[in-house]
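Work through the exercises below with the sequence and the model side by side. Each task is followed by a solution in steps.

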Amino acid sequence: MIKRLLAIFCLLFVSTAHAAEMVNVEYIHSAIKHHWGIAVPYNPALTNPRVAANMKYLLTAIDRANELQNNKTSYGTNATFATLAAADTVATNDAIKRFITQPFFITTTPTTTSFTFELSAQGSFTVTWGDGSSESIVKNDTEMKSYSHTYSRAGEYKIGFSGTATAYSTADPRTDPTAAIRFWKNNDIAAISGSLGAIFSTIGNGATAAQQPIFHNTFRECKNLTSTIPEQLFVGIHGAPAERMFAGTFQSTPFTGSIPADLFAEIKGAPAWAMFNNTFHMSVLTGTIPGNLFRGISGAPAEYMYSGTFMHCKNLTGEIPAGLFGDIHGAPVEYMYYGVLGNNPGLTGQIPENLFGDISGPAAPWMFYQSFLNDSGLTGPSARINGQYLYEIWPSPPENGSTSCYGNATGLSDYSTIPAQWK
């Protein structure tokens, strides 16, 4: 990698005097802004932006641009190329094009003739469409808006996204869930890579709706998206969960591979309404469920918090991790574990005690509806909280509170004695 980078530098900075003019500091800042939509702050000690720029200044400016996108580089400290030699137009434009990185990419299907996505986040963003053209987006509100590009011929294109979100929608997620960015039902996507969190990161501590992005249905029903889920996809997103934060994010999309272990690692705090509702619903992901996936979640149950999270994920295998759903304690609420692990025949082993946390109090409607339906690979006793079976704690739950919770989960050691209203 180092040799390759040095070779690129050598090609980049070979003498171009016959085709270039010397540039000043202002030229570099303007070129970065024009090509990438990134406003690199001037050094406050600089009194004249039209002073001649050198290679060290150019490469340092590129480092600053990358840092603004949460992609740290160190080209400006490379003693071989970050010199006081004058920068010129060719070197400047090539360096900006080559070395300012984009944190998130989409590879389209080979038959793509146009591409559309939706964006609600406020901020400055750049899209490189993969055919040599780019688009700068300066968004001063958080209304959902559609952006499209048409290609001159059908083909496979690599689309790059960069920029920095400065605010997110404050619309009620229960009635108007507004994702920071969304590709819902986009069948031109074949693969994704990189980090959305580097662009749509948590602002401050994420304490308000305007500071915390949600990814409601971001990749839902993208029927040709068969790559893996990038491990770094949500790096940069931290703090407490938001309502519908990851609801339907990967629902009914054929991502391959397994669920990244630390996909939601920096999300920490009390459960929020529908935060992981249908997140992986009907996915074809394989492997085991990571034990640390929701470890940062702690507090009283919220309605729909894990409703359908892993429902119909028939290719998941292995044991259910102990403490999977975090540290949940308090009174039951509606739909909290509705179908959460239902229709997963590949799950094996015993249901960990206190899987659902330390919850107690009056039963809630739909709270355990189809939670383990058709999970025929499970063995050992059915779910317990502090040594008691769920059906002992709540012998007569209301309105489908227990309907089909263990339907056809015939491998459970107490299956024959589980009350009918729980099967």
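**Exercise 1. The open sheet**

Which order do the three strands of the open sheet have, and is the pairing parallel or antiparallel?

Solution. The model is a predicted one, in which local features need pLDDT of at least 70, side-chain atom pairs count only at pLDDT 80 or more, and totals for chains, interfaces and linings use all residues. Residues are numbered from 1 along each chain as its sequence is written, and side-chain values use heavy atoms, with hydrogens and water left out.

Step 1. Strands (E, at least two residues) and helices (H or I, at least four residues) are DSSP runs numbered from the N terminus. Two strands pair if DSSP finds at least two bridges between them.

Step 2. The order is 9-11-13, and the pairing is parallel.

Step 3. Strand 9 (298-299) and strand 13 (358-359) are the edge strands, each pairing on one side only. Strand 9 is joined to strand 11 (residues 327-330) by two bridges. In this part of the sheet, Gly299 lies opposite Ile328 of strand 11.

**Exercise 2. The chain as a whole**

State how many helices and strands the chain has, and what share of its residues is buried.

Solution. Step 1. The chain holds five helices and 16 strands. Its C-alpha trace spans about 85 × 45 × 40 Å along the principal axes.

Step 1. Buried means under 20% relative accessible area, exposed over 50%, and partly exposed in between (1.4 Å probe, protein chains only). Of the 423 residues, 52% are buried.

Step 2. A contact is a pair of residues with heavy atoms within 4.5 Å. Among contacts between residues at least 6 apart in sequence, 82% join residues at least 24 apart.

**Exercise 3. Strand 1 and its partners**

Which side chains of strand 1 are buried, and with which strands does strand 1 pair?

Solution. Step 1. The side chains alternate along strand 1: Phe104, Ile106 and Thr108 point to one face and are buried.

Step 1. Strand 1 pairs with strand 6 in the antiparallel sense over four bridges, with Phe104 opposite Phe161 of strand 6.

Step 2. Strand 1 also runs antiparallel to strand 8, joined by five bridges. Here Phe105 stands opposite Ser193.

**Exercise 4. Nonpolar cores**

Find the residues that touch the most other members of the largest nonpolar core.

Solution. Step 1. A nonpolar core is a set of buried Ala, Val, Leu, Ile, Met, Phe, Trp, Tyr and Cys residues joined through side-chain atoms within 4.5 Å.

Step 1. The largest core has 90 residues, and Phe200 and Phe310 touch the most other members. Among the elements that give two or more residues to this core are strand 1 (104-108), strand 5 (145-155) and helix 5 (390-393).

Step 2. Beyond its neighbours within four places in sequence, Phe200 has contacts that include Leu119, Phe125, Tyr168, Pro213 and Ile237. A second, separate core of 24 residues includes Ala61, Ile62, Phe81 and Ala82.

**Exercise 5. Helix 3**

Does the span of helix 3 agree or disagree with its number of residues?

Solution. Step 1. The expected span is 1.5 Å times one less than the number of residues.

Step 1. Helix 3 (residues 55-68) has 14 residues and should therefore span 20 Å; its end C-alpha atoms are 20 Å apart, which agrees.

Step 2. Buried residues of helix 3 include Met55, Leu58, Ala61, Ile62 and Asn66. Just after the helix, Asn70 takes a positive phi of about 65°.

**Exercise 6. An aromatic pair**

How are the rings of Phe219 and Phe250 arranged?

Solution. Step 1. Rings of Phe, Tyr and Trp (its six-membered ring) pair if their centres lie within 6.5 Å; planes under 30 degrees apart count as stacked, over 60 as edge-to-face and the rest as tilted. The structure holds 51 aromatic pairs.

Step 1. The centres of Phe219 and Phe250 are 6.3 Å apart and the planes are at 10°, so the pair is stacked.

Step 2. Phe219 and Phe250 are 31 residues apart, each in the loop between strand 8 and strand 9. Phe219 is buried at a relative accessible area of 0%, and Phe250 is buried with a value of 0%.
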